[in-house]
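Please consult the sequence and the model alongside the text.

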Amino acid sequence: MSAMNSNDLPDPMNLQLTPQGGLHHLLSLRGLERRLLSEILDQSEAYLSPLGDAPVRTNLLTGRTIANLFFEPSTRTRASFELAAKRLGADVLNLDVNTSSRKKGESILDTIYTLQAMQIDIFVVRDASAGVPAYIVDNVAPHISILNAGEADISHPTQGLLDLLTIRQCKGSFENLTVTIVGDIAHSRVARSAAEGLTTMGVGELRLVSPPALAPDPALMPQAVIMHDLDKGLRGADVVMALRIQRERIDDVQGIPGVEEYYARYGISHERMKLAAPDAIVMHPGPMNRGIEIESSLADSPQSVITRQVTNGVAVRMAILAAVMESRQSR
Amino acid sequence: MSAMNSNDLPDPMNLQLTPQGGLHHLLSLRGLERRLLSEILDQSEAYLSPLGDAPVRTNLLTGRTIANLFFEPSTRTRASFELAAKRLGADVLNLDVNTSSRKKGESILDTIYTLQAMQIDIFVVRDASAGVPAYIVDNVAPHISILNAGEADISHPTQGLLDLLTIRQCKGSFENLTVTIVGDIAHSRVARSAAEGLTTMGVGELRLVSPPALAPDPALMPQAVIMHDLDKGLRGADVVMALRIQRERIDDVQGIPGVEEYYARYGISHERMKLAAPDAIVMHPGPMNRGIEIESSLADSPQSVITRQVTNGVAVRMAILAAVMESRQSR
Amino acid sequence: MSAMNSNDLPDPMNLQLTPQGGLHHLLSLRGLERRLLSEILDQSEAYLSPLGDAPVRTNLLTGRTIANLFFEPSTRTRASFELAAKRLGADVLNLDVNTSSRKKGESILDTIYTLQAMQIDIFVVRDASAGVPAYIVDNVAPHISILNAGEADISHPTQGLLDLLTIRQCKGSFENLTVTIVGDIAHSRVARSAAEGLTTMGVGELRLVSPPALAPDPALMPQAVIMHDLDKGLRGADVVMALRIQRERIDDVQGIPGVEEYYARYGISHERMKLAAPDAIVMHPGPMNRGIEIESSLADSPQSVITRQVTNGVAVRMAILAAVMESRQSR
């Protein structure tokens with residue numbers, strides 16, 4: 001399975017809601033209505049407290065067990081989900097799946113069945129193959145919830161939600177905003193989930209700026225303006241999101257012989273941000289390649305909301321865990 | 001140390017009980033009386049709740065610390081012990097022993113002494129060498145308990161207990177049952193612990209079916225009928241347990257040139273199960289090689305109790321942790 | 001950065017205390033006054049309970065999150081900090097930093113910023129490079145505390161504290177003691193932190209015994225007597241601390257062709273301990289190379305306080321966590 005034929009996959013829209021419209025699974029921001037996204041963002045706000053204060057805690061998931069099933073390595077997303085679950089009172093089981101059962105040839109579904117039989121009922125899944133989360137959803141018991149923590153180049157819905165929350169906090173609403181996402185759009189699940197969420201929230205204009213070789217399939221992001229000239233893309237933008245570029249990818253891009261050249265053409269810098277709105281914010285999903293896709297001092301400047309995104313990430317994940325737990329009552 | 005001379009090892013029977021007959025360590029099902037096994041199974045039932053409900057929790061081990069010392073990789077057994085301990089309120093320390101102290105040349109006993117000095121007093125140990133759990137028992141302070149989570153080809157007592165619990169739940173009693181275990185008996189600690197437990201519980205007939213090259217030492221399982229013809233072994237069986245076969249082992253078996261041939265001769269299928277009793281159950285310790293030792297659709301059929309075994313595994317481990325904690329009062 | 005020019009690094013003395021003299025970070029025992037060290041040792045005593053009893057627990061850090069950031073592998077120190085944090089009620093996040101973000105090229109500071117944004121506010125850091133803990137301290141938000149869990153050859157302050165606690169428990173005071181540390185002094189952060197702590201506490205005489213090639217820079221330990229003859233070094237000693245020697249290092253030492261020769265010249269044995277005071281104690285930071293730097297039976301004899309050091313390690317780390325938490329009130 002690859003990103004290219006991902007439109008052939010089962011539509012997550014039909015899988016992730018209960019008949020009553022509650023959140024049963026989180027696979028994608030596609031198909032989630034503006035009302036539901038807004039409720040999740042509202043709930044997330046309730047899970048925020050000032051840095052330095054003790055984090056917000058509840059007993060909502062006390063006695064429940066969450067499993068982190070990461071088939072790709074991750075520090076930040078795994079840690080964010082782990083803290084979100086613990087702060088709701090849940091037990092967390094971290095499974096380094098590469099080094100155990102898969103070695104023994106067990107299928108992912110048998111791993112899920114086994115953990116389900118241990119009374120784990122929320123699974124946080126990251127996998128490099130498209131369609132894995134929806135495939136699991138299709139096969140598990142109805143009381144189980146699957147949360148997508150990053151799926152191939154396809155979807156990273158909690159990242160999309162934390163981006164929405166951060167933008168809403170800084171800008172109040174979405175209608176009149178110009179949002180510019182810059183970098184390797186073609187391979188970015190972050191860009192795709194952000195684009196889906198922003199479209200649903202009614203963003204004014206969404207610009208996707210990349211080298212031609214890293215442009216998205218226009219059919220996948222029909223509402224977005226696809227561009228290749230960063231200066232044009234930044235003009236008047238209210239929100240600028242730089243994406244992580246994998247160094248290997250740079251070498252594959254014709255006409256961009258190295259990281260300096262990439263930075264010169266697609267790096268977000270203080271200088272370039274002068275083209276954007278005076279109060280524009282700078283975002284990045286992390287981990288950053290400082291000096292490649294973003295000027296290092298810009299990432300640490302007051303314009304940057306990068307660490308705020310991380311803080312919002314825990315809150316959003318708490319809200320998602322709370323939402324799927326709440327929808328159990330009516331399933 | 002190898003499985004072959006395991007009868008020369010110190011008899012775990014003399015090590016695992018307190019003078020009052022309580023469970024101090026769990027090394028093997030050998031030497032545990034029917035009364036004690038029945039009590040553990042009874043206690044396990046109290047730790048079960050319906051799937052989808054919150055798991056049963058107590059504060060029995062609150063403030064205590066359990067260490068998982070797995071010198072062989074494991075997902076399911078490690079996770080099962082971790083959840084059992086957490087649901088009893090204990091703190092759990094997971095130690096990936098391969099990648100740290102052993103690198104530095106520390107002996108297993110020094111690792112135990114160090115953790116014991118940190119006031120960890122229950123150790124869950126998995127090791128590829130025979131005799132390691134008993135060796136540790138011989139050397140630790142009297143307030144420590146050692147639980148064997150898989151020992152070479154020798155012993156896997158909590159697996160044996162969960163098998164007993166599952167059979168008792170499905171069949172009521174053991175006296176009139178025919179139980180057939182199929183596969184690589186020679187190298188299976190699962191088969192050995194199940195055989196020991198079933199013998200103690202007074203099983204009607206125990207059949208061990210394997211290719212001749214993978215048959216057990218008859219001296220180790222004197223009560224069992226050793227067979228090589230699967231059809232004969234299945235005739236009238238009430239319980240059929242398929243064992244995991246390592247693909248490398250198949251290649252070593254003369255006359256069985258590959259997995260298809262293995263499946264044809266020793267795979268448990270719907271078709272073959274017609275030879276067993278009409279209400280026979282199918283078991284497997286996991287992780288399964290679907291299509292090799294067991295037909296995939298049979299593993300998911302109503303006849304299969306494989307996920308129930310997993311659920312029982314957590315309950316049995318909770319009962320064992322509770323039992324060794326209780327026996328502390330009288331030590 | 002290497003141990004040789006570590007005097008050029010920012011002085012941790014200026015970094016680790018609050019203006020009111022409370023402990024903000026723990027980077028080094030250098031610069032911590034005798035009064036403060038004594039208070040920490042006194043507080044540590046309150047966290048000790050008899051082996052076999054449930055460990056002492058409080059709710060002092062309930063709701064707080066501690067991150068273990070170990071850039072070098074470790075079992076014992078990581079486990080000790082994890083247990084200390086859990087027994088104070090904190091949530092603990094273990095990050096195996098080698099296998100995730102660093103692979104993706106993220107800087108250590110961005111890892112800290114990310115975790116800080118997740119409302120983690122105490123970081124336990126082990127790193128093979130000198131200066132890393134102080135560098136982090138220089139760059140984090142003021143509410144964060146950094147605890148050094150082992151820094152190159154430079155500093156291991158919680159090890160130094162547990163050594164002080166163990167000596168004080170056994171000997172009552174420091175003034176009239178002769179303490180002899182034996183082994184690879186040049187590369188030992190354990191020796192350096194012990195030497196710094198003992199000097200502050202006013203130890204009678206501190207002897208550092210090593211092969212000439214493994215002697216310390218005298219400028220780094222001005223109060224110590226540097227020696228090469230073990231028999232002389234042991235004469236009348238009240239405390240003898242053997243250091244772990246890396247086998248590779250032995251091969252580099254001219255005139256010491258192997259481990260037997262090393263043991264013959266620098267190994268601590270029952271026989272050699274006859275030179276020390278009759279009630280002398282034997283210490284080792286672990287993990288031990290039995291038969292190389294210490295006679296195996298001596299390590300297990302009543303003279304040895306090695307496992308007591310481990311027990312004290314958890315108590316000392318609880319006291320440090322409590323101290324940095326307490327100093328937050330006044331920061």
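In this predicted model, buried residues make up 57% of the 331 residues in chain A. Chain A contains 12 helices and 9 strands.

The C-alpha trace spans about 55 × 40 × 35 Å along its principal axes. A compact globule of 331 residues would have a radius of gyration near 20 Å, and the 19 Å of chain A therefore agrees with that expectation.

**Relation between the copies**

Chain A is superposed on chain C by a rotation of 120° with 0.0 Å of shift along the axis, and the RMSD is 0.0 Å. The two copies are thus related as by a three-fold rotation axis. Within chain A, the residue that comes closest to the rotation axis is Asn94(A), whose C-alpha lies at 6.1 Å.

**The contact between chains A and B**

Chain A contributes 23 residues to its contact with chain B, and chain B contributes 22 residues. On the side of chain A, the elements that give two or more residues are β2 (91-96) and α3 (108-117). Of these, α3(A) gives the most, with 5 residues. The composition of the side of chain A that touches chain B is set out by class below.

| Class | Residues on the side of chain A that touches chain B |
|---|---|
| Nonpolar | 7 residues |
| Polar | 9 residues |

**A sheet in chain C**

Chain C holds an open sheet of 5 strands, paired in parallel and arranged in the order β7-β6-β5-β8-β9. Its edge strands are β7 (225-227) and β9 (281-283) of chain C, each of which pairs on one side only. On average, and with direction ignored, neighbouring strands of this sheet are turned by 20° against each other.

Strand β6 of chain C, residues 205-209, runs parallel to β7(C) and is joined to β7(C) by 3 bridges. Which residue of β7(C) stands opposite Leu208(C)? The residue in that position is Ile226(C).

Methods: Residues are numbered from 1 along each chain as its sequence is written. Chains are lettered from A and ligands numbered from 1 in the order in which they are written. This is a predicted model: local features need pLDDT of at least 70, side-chain atom pairs count only at pLDDT 80 or more; totals for chains, interfaces and linings use all residues. Two strands pair if DSSP finds at least two bridges between them. Helices (H or I, at least four residues) and strands (E, at least two) are DSSP runs, numbered from the N terminus. Axes are lines fitted to C-alpha atoms, for helices over the stretch in contact, and angles run from 0 to 180 degrees between N-to-C directions. Copies are superposed by least squares on the C-alpha atoms of residues with pLDDT of at least 70 in both. The radius of gyration is taken over C-alpha atoms; the globule rule is 2.2 Å times the number of residues to the power 0.38. A residue is buried if 20 or more other C-beta atoms lie within 10 Å of its own, exposed if 12 or fewer, and partly exposed in between; C-beta atoms are placed from the backbone. Two residues are in contact if their C-beta atoms, placed from the backbone, lie within 7 Å. Ala, Val, Leu, Ile, Met, Phe, Trp, Tyr, Cys and Pro count as nonpolar, Asp, Glu, Lys and Arg as charged, and the others, Gly among them, as polar.
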